[in-house]
Amino acid sequence: MKYVFLMVMLFGFLGLPAQTTSEKAAEVFGKPRVLTLEVSGMSCTGCADHIEQALGKKDGILEKEVSYPKHRAVVKYDAEKIDEKEIIHAIEAAGYQARVANTEKKSKVE
Ligand SMILES: [Cu+2]
């Protein structure tokens, strides 16, 4: 039981500076948010690269990771510069379909 307590202490200690860092990032980047999209229309890993390039040209995209096998795109963006609609539109303009994945939308299920 002492060991568990020690682990909690350790995680608490490690978690604190991580939070401070993300708060600092918020000041620099505005409002960073993460969007997970289900992407259809990809037929190879080249398609995933193509979408990443298209997203890279958009202002406000902080990080992007497109997976062909998972049919998924995870985009970190600055909500003050770009919104979900524009991100989806950029993917559609590149020739694919995208919609918000259910994973982080639990509140909408209620
Ligand atoms: Cu392809």
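H71 counts as partly exposed because it has 17 C-beta neighbours inside 10 Å. On this scale, a residue is buried if 20 or more other C-beta atoms lie within 10 Å of its own, exposed if 12 or fewer, and partly exposed in between, with C-beta atoms placed from the backbone. What you're looking at is a predicted model, where local features need pLDDT of at least 70 and side-chain atom pairs count only at pLDDT 80 or more, while totals for chains, interfaces and linings use all residues. Residues are numbered from 1 along each chain as its sequence is written.

**The big picture**

- The chain has four helices and four strands; helices (H or I, at least four residues) and strands (E, at least two) are DSSP runs, numbered from the N terminus.
- Of the 110 residues in the chain, 17% are buried.
- Take the contacts with a separation of 6 or more: 63% of them are between residues 24 or more positions apart. A contact here is two residues whose C-beta atoms, placed from the backbone, lie within 7 Å.

**The sheet**

- Four strands make an open sheet, ordered β2-β3-β1-β4, with antiparallel pairing. Two strands pair if DSSP finds at least two bridges between them.
- β2 and β4 (97-100) sit at the edges with a single partner strand each, so one side of each has no neighbour in the sheet.
- Ignoring direction, neighbouring strands of this sheet are turned by 25° against each other on average. Axes are lines fitted to C-alpha atoms, for helices over the stretch in contact, and angles run from 0 to 180 degrees between N-to-C directions.
- α2 packs on the sheet and touches β1, β2 and β3, its direction making about 170° with that of β2.
- α3 packs on the sheet too, touching β1, β3 and β4, and its direction makes about 160° with that of β4.

**Strand β3 and its partners**

- β3 is antiparallel to β1, with seven bridges joining them, and antiparallel to β2, with six bridges.
- R72 in β3 is the bridge partner of E38 and also of S67.
- Y77 in β3 stands opposite I61.
- In a regular strand the side chains alternate between the two faces of the sheet.
- β3 has a covered face with A73, V75 and Y77, and an uncovered one with R72, V74, K76 and D78.

**The loop with H71**

- H71 lies in the loop between β2 (61-67) and β3 (72-78).
- Four residues separate the strands of this β2 and β3 hairpin, and H71 takes a positive phi near 55° there.
- Most residues other than glycine have a negative phi.
- H71 has its positive phi although it is not a glycine.

**Helix α2**

- α2 (residues 45-56) has 12 residues and reaches 17 Å from its first C-alpha to its last, close to the 16 Å expected at 1.5 Å a residue. That expected span is 1.5 Å times one less than the number of residues.
- A48, I51 and L55 are the buried residues to look for in α2.
- Seen down the axis of α2, its buried residues fall within an arc of 60°, so they line one face of the helix. The arc is that of the directions from the helix axis to the C-beta atoms.
- Turned away from that buried side is a face with the exposed residues G46, D49, Q53 and G56.
- The cover over the buried residues of α2 includes β1 (32-40), β2, β3 and α3 (84-93).
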